[in-house]
Amino acid sequence: MTATPEAEGPPIVTGGDPQQSTILVFDPDGLAKHGELPATWRPLTERYRIIWCRVPADGALTEASELLSDDGGTTAPVYVLASGQATYPVQRLLAEHPDRAEALLLVDPPDDAADQGRVIARSEGGPRDRIPPPLPLGHPDVVAALERAIS
């Protein structure tokens with residue numbers, strides 16, 4: 001079986017001081033495959049610990065579950081950000097760890113999952129016959145929306 005390009009690379013990428021509040025990102029697109037946070041996120045590491053879970057990579061969800069455990073090493077408050085189809089497994093993880101997240105923030109969630117968290121960004125609509133592509137989590141609009149939501 002051949003791995004997809006999105007699955008290549010580490011399952012988890014981190015940045016920032018472990019003593020700072022945590023932003024736990026669940027990325028369905030597998031950005032950060034070279035072991036560095038997307039450039040748009042790096043300035044946030046001055047104020048937050050960023051843990052980027054590359055959902056397509058083997059072990060990402062298992063490692064995220066360990067991070068959400070009581071002694072997993074995240075510093076409260078923990079803000080969880082999920083996008084697109086990653087919303088479903090993230091909702092299941094948070095159900096297993098109900099008191100660990102300050103907020104579930106969503107970017108382009110599926111319609112039937114949107115009421116389980118706070119939608120902070122959506123792709124702009126295009127022509128009626130086209131579904132707009134989802135916003136990648138590295139997009140500056142996502143970072144700005146996140147900062148507004150947690151400040």
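This is a predicted model: local features need pLDDT of at least 70, side-chain atom pairs count only at pLDDT 80 or more; totals for chains, interfaces and linings use all residues.
Next, colour the charged side chains. You will find 12 positive and 23 negative ones, and the centres of the two sets lie 5 Å apart.

Now switch to the cartoon. Three helices and six strands make up the count of elements, and if you trace the chain from the N terminus, they follow the order β-β-β-α-β-α-β-β-α. The radius of gyration is 15 Å, close to the 15 Å that the globule rule gives for 151 residues, so the protein is as compact as a globular protein of that length.

For the interior, colour by burial: 47% of the 151 residues count as buried. Then bring up the contacts with a separation of 6 or more; residues 24 or more positions apart account for 69% of them.

Last stop: the aromatic rings. How many aromatic pairs does a search of the whole structure find? The search finds one. Select Trp-41 and Trp-52, whose rings sit edge-to-face, 5.1 Å centre to centre with 85° between the planes. Trp-41 lies in the loop between β2 (22-27) and β3 (49-54), while Trp-52 belongs to strand β3, eleven residues apart from its partner. Leave both selected and bring the surface back: are these two residues buried or exposed? Trp-41 and Trp-52 are both buried.

Note on methods
Residues are numbered from 1 along each chain as its sequence is written. Side-chain values use heavy atoms; hydrogens and water are left out. Helices (H or I, at least four residues) and strands (E, at least two) are DSSP runs, numbered from the N terminus. The radius of gyration is taken over C-alpha atoms; the globule rule is 2.2 Å times the number of residues to the power 0.38. Buried means under 20% relative accessible area, exposed over 50%, partly exposed in between (1.4 Å probe, protein chains only). Contact means heavy atoms within 4.5 Å. Lys and Arg count as positive and Asp and Glu as negative; His and the chain ends are not counted. The place of a charge is taken as NZ of Lys, CZ of Arg, CG of Asp or CD of Glu. Rings of Phe, Tyr and Trp (its six-membered ring) pair if their centres lie within 6.5 Å; planes under 30 degrees apart count as stacked, over 60 as edge-to-face and the rest as tilted.
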